[in-house]
Amino acid sequence: MEGKPAGNPDLVDAARAGDQGALDTLFYRHRDGLFRFALTLTRDQLACEELVIDAFVRAQRLLAEGTEQAFRPILYRAALQLAEGRAADGPLAAVVLAADGR
């Protein structure tokens, strides 16, 4: 694998083993896309930034617990679940439900 960037599966395996550098790489690789997704859910930059960090923390915890799922779906699902939880009583609930197709 020399000279070639590590793919997500390699990084996920390294992150599961506690490699902080692998976690950092996953963060930088996915943060922009996750930010755009979270912004569609929150429509607020500050809330979006908080959601991105919290989703990464949740995804990191799931990796440590040994989930075998691919990283990106774990990350985006975490962001959606966090947004839904925060929006349960607020105006974001309609946005989340509309995005979910219900």
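Q: Which residues do ring pairs link into a cluster?
A: Ring pairs join Phe27, Tyr28, Phe56 and Phe71 into a cluster; rings of Phe, Tyr and Trp (its six-membered ring) pair if their centres lie within 6.5 Å. The model is predicted, so local features need pLDDT of at least 70, side-chain atom pairs count only at pLDDT 80 or more, and totals for chains, interfaces and linings use all residues. Residues are numbered from 1 along each chain as its sequence is written, and side-chain values use heavy atoms, leaving out hydrogens and water.

Q: How many aromatic pairs are there?
A: The structure holds four aromatic pairs. One of them, Phe27 with Tyr28, is edge-to-face, at 5.2 Å centre to centre and 80° between the planes; planes under 30 degrees apart count as stacked, over 60 as edge-to-face and the rest as tilted.

Q: And what about Phe37 and Tyr76?
A: Phe37 and Tyr76 form a tilted pair, 5.2 Å centre to centre with 45° between the planes. The pair links distant parts of the chain, with Phe37 in helix H2 (residues 20-42) and Tyr76 in helix H4 (residues 71-87), 39 residues apart. Helices are DSSP runs of H or I with at least four residues, numbered from the N terminus.

Q: Is Tyr76 buried or exposed?
A: Tyr76 counts as buried because its relative accessibility is 16%, where buried means under 20% relative accessible area, exposed over 50% and partly exposed in between (1.4 Å probe, protein chains only).

Q: New topic: how many helices are in the chain?
A: The chain has five helices.

Definitions and conventions:
Helix = DSSP H or I, 4+ residues; strand = E, 2+ residues; numbered from the N terminus.
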